Amino acid sequence: MRRQILKTEDGSHTLYVPAIDEHYHSIHGARQESMHVFIEAGLNAHPGKELTIFEVGFGTGLNAFLTALESKRQQKKIAYYAIEKFPYGKKNGKA
């Protein structure tokens, strides 16, 4: 499935899939969206030092990457699981 790399309003990038008219992240800011959803409303809202995250739609891995950076800074232990129907980099059934 063909994808295009697009620059979002906050200067970060997202992927766009023309065939299904789908952006992997907000066009207003991929990094901003991940920071709001996964870090501020997710990781920072969890009071414990250990948690499990299940992400539906791994996409570019931006959420996992930012979560890993922040969890290291906060010294939180995370079990991170994700699924992705259309893995990036996979072409014609081959990685």
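This is a predicted model: local features need pLDDT of at least 70, side-chain atom pairs count only at pLDDT 80 or more; totals for chains, interfaces and linings use all residues.
Biologist: Good to know. In what order do the elements run?

Modeller: Starting at the N terminus, it goes β-β-β-α-β-α-β. That gives two helices and five strands, taken as DSSP runs (H or I of at least four residues for helices, E of at least two for strands) and numbered from the N terminus.

Biologist: And what box do the C-alpha atoms fill?

Modeller: Roughly 40 × 30 × 15 Å along the principal axes.

Biologist: What share of the residues is buried?

Modeller: Of the chain's 95 residues, 29% count as buried, meaning under 20% relative accessible area, with over 50% called exposed and anything in between partly exposed (1.4 Å probe, protein chains only). On contacts (heavy atoms within 4.5 Å), residues 24 or more positions apart make up 49% of those in the chain with a separation of 6 or more.

Biologist: Let's switch to α2. How far does α2 reach?

Modeller: From first C-alpha to last, the 13 residues of α2 span 18 Å, close to the 18 Å expected at 1.5 Å a residue; that expected span is 1.5 Å times one less than the number of residues.

Biologist: Which of its residues are buried?

Modeller: In α2 they are Leu-62, Asn-63, Ala-64, Leu-66, Thr-67, Glu-70, Ser-71 and Gln-74. As background, residues three or four places apart in an α-helix point the same way, because there are 3.6 residues a turn.

Biologist: What covers them?

Modeller: The cover over the buried residues of α2 includes α1 (30-43), β4 and β5 (77-83).

Biologist: Nice. Which residue just after α2 takes a positive phi?

Modeller: Gln-75 does, with a phi of about 55 degrees.

Biologist: One more: is Ser-34 buried or exposed?

Modeller: Ser-34 sits in helix α1 and is buried, with a relative accessible area of 1%.

Biologist: And which residues is Ser-34 in contact with?

Modeller: Setting aside neighbours within four places in sequence, Ser-34 contacts His-25, Ile-39, Leu-62, Asn-63 and Leu-66. Leu-62, Asn-63 and Leu-66 are also among the buried residues of α2.

Key:
Residues are numbered from 1 along each chain as its sequence is written. Side-chain values use heavy atoms; hydrogens and water are left out.
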